[in-house]
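Visitor: Could you take me through one part of this structure slowly? I am new to this and would like a close look at a pair of helices.

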Amino acid sequence: MIQLQNLSKVYSNDAGQFWALKDVNLSIHKGEFVAVIGKSGSGKSTLLHLLAGIDSPTNGSITVGGKKISSFPQNLITKWRCRETGIVFQSFFLLQTLTLLENVMLPMEFSRFLTRRKRKERALSLLKDVDLLHKANHFPDSVSGGEQQRCAIARALANDAPLILADEPTGNLDSENAEHIFSLFKNLAAQGKTIVMVTHDTDFSQRVDRSLLVKDGQISDIYFTNEKVGQI
Amino acid sequence: MPLYFKKALRDLRKDLTGIFLLIISISVCLATMATLLNTNKLFSSTVQETAKNQQDSVYFYTNPFQNELPDLRSINGIQHAQSLFQSKVRVEFNGSAKNFELQTFPSYTTGEETNHPGPPFKPGIYLEKTTMDHYHLTKGDMISVKLPGKKQKNLQVAGQITDYAFIPAKFTGLGRGYISPESMKTLGISSQKNTIKITLLPGEYKKNGDNILQHAKEKLKEQGITVYRTELVSEALTVRKQMTDTVFLLLIMLGTLAVGLAVILVIHFFYRLTAKKKQEMSILKVFGAQKKDLIWKYCSVTLGLIGIVIFLLTFLISACLSFYFSKTLIQDLNIGQLYFHYSRDVLFLIGILSFLVPSIAALVPINRVLKIPIVQGLKNGTKPYQRAEKRDSGFSLFLLSVRNSCRKKVQLLTNILMLSFGGAVIISCVALNNSLTSTLKEMQGFWKHDMQWDIRTQMDISDVSRIASNTNGVYQAESWTGRNAEVVLSSNYKSANALLLAIPRESNMIQPIVKKGFWLDSLPSNSIVINSDFQPLAGNVQPGESISLKIGNKKKTWTIGGIIQGQLTGPSIYMAEDDYHSWIDGQKPNRVIVKLYSNAKKQSAQTINEIETLFNRNNISIEAFDTAQNMNNRPEQIISMVLYCLLVTGILFSAVGMLNLIAAMGINVFERRHEIGLIRAVGGSRMKIYQLLLGEGLFIAMISWGLSAALSYPLQLLLNDKIGNSLINSPLPSSFSPQGLSLWLIVSLALGIIASVIPAKKTADLPIKELIAGK
């Protein structure tokens, strides 16, 4: 599903160059639930941003579903991201002037997925799946953090994308809500979605198919469900 | 309702204050422009309508005659011809005497007298409308009318006549009355006539007017009637139109500046508003929004809604203001009847601009925000401070204020520009006021006498002067001859009118400002001096050139010896009395000029009485009386009207600038509440926050003041040139205005303080925790 080859990302500022990722090689299979762990500034989020096409690599290539997205022009990558990925952020990033229902309908409008009426039906169904149907017409400000994140997950599923990318989705939530969100991801993985989740939570990282430890811009360890199998 | 439409509406509601300020800013600027354009259109259409109704009518001022007119209608192109009587009279009411022009009604009705009662006329006198308004007279009032050499008679005001060919009394000091042939008898006037009104067939004046009128003059001459002056009825209208056209042109130029200002303001506001939406736009991009989606769907709806509100507001404001201004202007200048309408062209223009200005202005910041990488946008990050290192020069809070202001260069520039524009107009207006005041003072120094009488007499100059000089309190008296002269232009048939004043060569009753050449006392015989209003009449003539003047049948060529500054009295020629009398034989003086001793000025009423008694005793008929003070006050009426218009425009610009600086500072502080929270967290007091923000406000205010001062100079030159040429046919002297600069400095500083203190207070009162969280 995902192939990363010699992937590097360099940031430059007055202090000099900073290697956020350095020569990363990685494969992720279809339907896999992968957790990316590591300390702050290790390059986890950069990796996720590159996978989502919201940042571009300095060197190397990213191939997703057989398409080399790292060489896509900007408009094509936007279309690809819209149809092929669903993204969940730590800060939810719901649009404050749209209701939860409208937030979920938004990606479908951009991708022109389904008819207008069908979009609403699908958005309501997704909100029902995340147990938010009763708050469909609420604005984000009037619901809890956990509910906002559930809505963000429903939004990530709106276009029925095969790849779900989540950047510390439980980072801003209490343990009960975090557990609820994680179980939603588990369900999605069970339905065949490929999930890449950046997390600090060691407990969650042990309950996924595979965990990647990112350190100083490199993937230093790979774990398969509680068992260390090797080092890169 | 589509999602993007709902979102646009909710976003507008969320940013209501910012959007409100944005809409008000653009609407005020566009409305200023639209008001000027529509008022100009209304004014022009009223002038056109009045000119159309006036037809091609011409007055011939002739020698007095009693015989019937020859059949002028036999000349091809003439529709009507009627002989009239016209005279200057003195009219007394409410205890004071005023100068009026009395005219008999023509027996036929033409379009120009819209309220012409038509025969049979009521007994009494009809007064021109602006005359009645100016002197607060009403129908039924009794007034005393005294014709030169006749007994004073009481007449009742029988009605009101609207005559748009008449320049209002407040500008000329001359009212107008109309009487029927019956009332003429009451006043003791014989069947004498001295004026002929000729109405040409429609379109004939343009086609062949000069020839037709020349034929008429020749036919009249055969009957012993000499035409001394020809006046096209529409001339009086053209004079008023030309002056207002220049003022309009100038104001429209300022209005265009206002639209430029609006664009800067809107770019500024959109930049602030879209900068706040950086994160939201990045989220939309993450979820698949293409650039065209963001611009066409989400932004176009917002811009469309803003455009509709701007259009409606601009239309409403400008419709009300243009109605008020055109009504006032048309009434004040007695131009015609206002038929209010909103020009389709102006409506179309504001329709386009209401949408175009915000759209163009939004494109720049939206494009910039869209170019921000998604990752940076999601973090809602700002660009780092560009300088890597700074020489150690100690730390002061003001330094931080300056760095903060300079960090956002576009915002700083737009803040400064919007204030500078308004400031420059205000400073220029104050400087223009100074220039006009000094020009007015110079003008007021022109007439050195205290009072003057227009008279009719058979006595010689020296005798008339002696009579006036022998009166108690009179320091000096002179007798002049003032009359109309025709300036012969390219062909013998083409001519223009000018006031000719024949005065003693060494007279010290006039102190002219000589612009070119010399005054009469330094010129040889057969030389004349003209004023700057006369110059354009004869093709920008210069000293040393010759022109031909004609009075009645007498024509002579004169050398221009000098040009003096105009006095808002129209084209004038000054000639030495010896030259005049060698040209026109037997002409008696018709104006007495008197200067009083300074201690006698308080008892001037007594001196006036004594002089008039002496005049009566010596059979000198009085046509009119005027004081130099009144003559000097009249230009002030015109000048104050111009200044009023300019000041209103300047204040409008500044108000928009001020409003926006306050709003911009407010948004600035709102955006930096995290930084303010940090300063407070590390021990900064509330006072330090005030100091920091005050420093920023004052820094912007001071820079904008400097720029205003620099911008005001070219603007002032432009205003001096346009207004000067419009009023006195020469640019006004440029004057430095410390008052304007000081005034704007005080306003700028006050503004900087107000713009900083209000948001500073709001922010400093918030808990540190909330500030750090950026709530």
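Guide: Happy to! An axis here is a line fitted to C-alpha atoms, for helices over the stretch in contact, and angles run from 0 to 180 degrees between N-to-C directions. Helices (H or I, at least four residues) and strands (E, at least two) are DSSP runs, numbered from the N terminus. This is a predicted model, where local features need pLDDT of at least 70, side-chain atom pairs count only at pLDDT 80 or more, and totals for chains, interfaces and linings use all residues. Residues are numbered from 1 along each chain as its sequence is written, chains are lettered from A and ligands numbered from 1 in the order in which they are written, and side-chain values use heavy atoms, with hydrogens and water left out.

Now find helix α2 (residues 16–54) and helix α10 (residues 344–371), both of chain B: their axes come within 10 Å and cross at roughly 165°. That makes α2(B) roughly antiparallel to α10(B), a label for angles over 145 degrees. The crossing of α2(B) past α10(B) is right-handed, meaning that the near helix is turned clockwise from the far one by less than a right angle.

Which residues meet? From α2(B) come B:Ile26, B:Leu30, B:Ala34, B:Leu37, B:Asn38 and B:Lys41. On the α10(B) side, they meet residues including B:Asp345, B:Leu349, B:Leu353 and B:Val357. Contact means heavy atoms within 4.5 Å. By class, this contact of α2(B) with α10(B) has 10 nonpolar, two polar and two charged residues; Ala, Val, Leu, Ile, Met, Phe, Trp, Tyr, Cys and Pro count as nonpolar, Asp, Glu, Lys and Arg as charged, and the others, Gly among them, as polar.

Elsewhere in chain B, helix α6 (residues 204–222) lies across β1 (56–65), β2, β9 and β10, running at about 15° to β1(B).

Terms used
Angles under 35 degrees count as roughly parallel, over 145 as roughly antiparallel, 65 to 115 as roughly perpendicular and the rest as oblique.
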